[in-house]
Amino acid sequence: MRRVAVIDYGMGNLRSVSKALETVSGQSAQVFISSKPEEILSASHILFPGVGAIRDCIDELKRLGLDEVVQEAAREKPFMGICLGMQAMLTHSEENNGIDALGIIPGEVKAFDKPLSAAGDKLKVPHMGWNQVHQTCDHPLWNNIEQDERFYFVHGYFVSPADPAVVAATTHYGADFASAIYRDNVFATQFHPEKSQRAGLQLLENFVNWDGQC
Amino acid sequence: MGLAKRIIPCLDVDNGRVVKGVQFVDIRDAGDPIEIAKRYDEQGADEITFLDITATHHERDTMVHVVEAVASQVFIPLTVGGGIRTVDDIRRMLNAGADKVGINSAAVKNPDFVREAAERFGSQCIVVAIDAKRVSAEGETPRWEIFTHGGRKPTGIDAVEWAKKMVANGAGEILLTSMDRDGTKSGFDLALTRAVSEAVDVPVIASGGVGELQDLSDGITEGLADAVLAASIFHFGEHTVQEAKQQMASQGIEVRL
């Protein structure tokens, strides 16, 4: 039976993401929240969520000895990062005056410029609400999800991967940014699938059913 | 195409039951929060806001259970406001499944609370709720001040300046309610909404006064709001969220259909 671990490192609410995973898994997978390295690594699928600020995120991961766990999981199992979890996978973030992150995917996390504008209209930061996700690759995690479907975002920083080939989707807010990235057994989204109603649940279902190949 | 404007139904919850306030008196029971939240989710609501109007502290636990139950079944963003006074209140609501909390009176009492909350949990989950009333006379340059305690208590603080200060302290969003319009069904205070939206860089939710669907569109196009919040227009089945979005879309407003 598949076992899905949601990594708990004290950054934000894990209840919604675990409830969403339970909803899409039914009887076919066991979902659990854990901060124990062995328990996390015993799972077949690993989900790395996160909300808040990057410094606290990296500090807490290190304090709990979970930075190595994330690295190991991202090498060998179907692994998915969400929002701050995605940003933590890059090399470095501009947030909190510059923080070195986990470096799983080479690249930078950058701030939206303030004030951001488009066609003369002021754009608000954080980028908050439902925006379109334009798929730029075929990937099993996009199964049964329409091109340009809307997902829920809430963030003030975005990822800029060094290699454009890892971009799985783009979203437009002032400019295009990478709203999903992938490589081998790793997938990550800037948006919150657990808060994106039907399309979000479909993405999580695709993740639970994913064999880590793309 | 890009970011959609949001429609947010608001449920006033008293000791676990949804009620509707008409200028905060004459409250009517409109039902079970979980069933109503599910109905709004099905109609395409972009978020749901719960305002906890429970009077006593021990009954507040009820709200935590409401949030837990809703968050287990409804997978869209949830905001909880009302009675949020401490970092611990915020943590309990976020752990129960809320994505954002609304801070109102506690921010007026101690503006640093907003800073502390934003540093602890991130600006993305800190909504500062502002209840404003027009204090300028007819014909004068419009001016609004913030009121607390359900609109009863004046503070003498300018609403636009306050919004700027709250954003500087880390608020990630402003929920702006016109106390003059709340419950009147005469439309948003568009001048107030526009003044605040132009003054801050974070999203502004317009609230207070929606009586018909056109009011929602006006909040976006005239008030420059990023989201619109309404209660009674949806609660009693006068209109669905879907109808509201179709009307907005027909006027060229980008929405999630």
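Cys83(A) lies in the loop between strand S4 (79-82) and helix H5 (84-88) of chain A; helices (H or I, at least four residues) and strands (E, at least two) are DSSP runs, numbered from the N terminus. The phi of Cys83(A) is near 55 degrees, a positive value in a residue other than glycine. At 6% relative accessibility, Cys83(A) counts as buried, where buried means under 20% relative accessible area, exposed over 50%, and partly exposed in between (1.4 Å probe, protein chains only).

The model is predicted: local features need pLDDT of at least 70 and side-chain atom pairs count only at pLDDT 80 or more, while totals for chains, interfaces and linings use all residues. Residues are numbered from 1 along each chain as its sequence is written, chains are lettered from A and ligands numbered from 1 in the order in which they are written, and side-chain values use heavy atoms, with hydrogens and water left out.

Two further loops of chain A show backbone features of note. Asp148(A), in the loop between S10 and strand S11 (149-155) of chain A, also has a positive phi, near 65 degrees, and is a residue other than glycine. Its relative accessible area is 31%, so Asp148(A) is partly exposed. Pro126(A) is found in the loop between strand S9 (121-123) and strand S10 (127-135) of chain A, and the peptide bond that joins Val125(A) to Pro126(A) is cis, with omega near 10 degrees. Most residues other than glycine have a negative phi, and most peptide bonds are trans.

Chain A as a whole contains six helices and 15 strands. Its radius of gyration is 16 Å, which agrees with the value near 17 Å that a compact globule of 214 residues would have; this radius is taken over C-alpha atoms, and the globule rule is 2.2 Å times the number of residues to the power 0.38. Along the principal axes, the C-alpha trace of chain A spans about 55 × 40 × 30 Å. Buried residues make up 59% of the 214 in chain A. Among contacts (heavy atoms within 4.5 Å) in chain A with a separation of 6 or more, 70% are between residues 24 or more positions apart. The accessible surface of chain A is about 8,300 Å², and 43% of this belongs to carbon and sulfur atoms; areas come from the Shrake-Rupley method with a 1.4 Å probe, and for residues only the protein chains shown count as cover.

Chain B has 10 helices and 12 strands. Its radius of gyration is 17 Å, close to the 18 Å that the globule rule gives for 257 residues, so chain B is as compact as a globular protein of that length. The C-alpha atoms of chain B fill a box of roughly 50 × 45 × 40 Å along the principal axes. Of the 257 residues of chain B, 56% are buried. Residues 24 or more positions apart supply 64% of the contacts in chain B with a separation of 6 or more.

Helix H10 of chain B (residues 241-250) has four buried residues listed by name: Val241(B), Ala244(B), Lys245(B) and Met248(B). Seen down the axis of H10(B), these residues fall within an arc of 95 degrees, so they line one face of the helix; the arc is that of the directions from the helix axis to the C-beta atoms. An α-helix has 3.6 residues a turn, so residues three or four places apart point the same way. The cover over the buried residues of H10(B) includes strand S1 (6-14), helix H1 (33-43), helix H8 (213-221) and helix H9 (232-235) of chain B. Glu243(B) also lies in helix H10 of chain B, but at 34% relative accessibility Glu243(B) counts as partly exposed. Not counting residues up to four places away in sequence, Glu243(B) touches Leu213(B) and Glu238(B). After H10(B) comes Gly252(B), with a positive phi near 85 degrees.

The buried residues of H8(B) include Leu213(B), Leu216(B) and Ile220(B). The buried residues of H8(B) pack against helix H7 (190-199), strand S12 (227-230), H9 and H10 of chain B.

Ser123(B) lies in the loop between helix H5 (112-121) and strand S7 (126-134) of chain B and, at 30% relative accessibility, counts as partly exposed. Ser123(B) and Gly170(B) are 47 residues apart in sequence and 5.4 Å apart in space, C-alpha to C-alpha.
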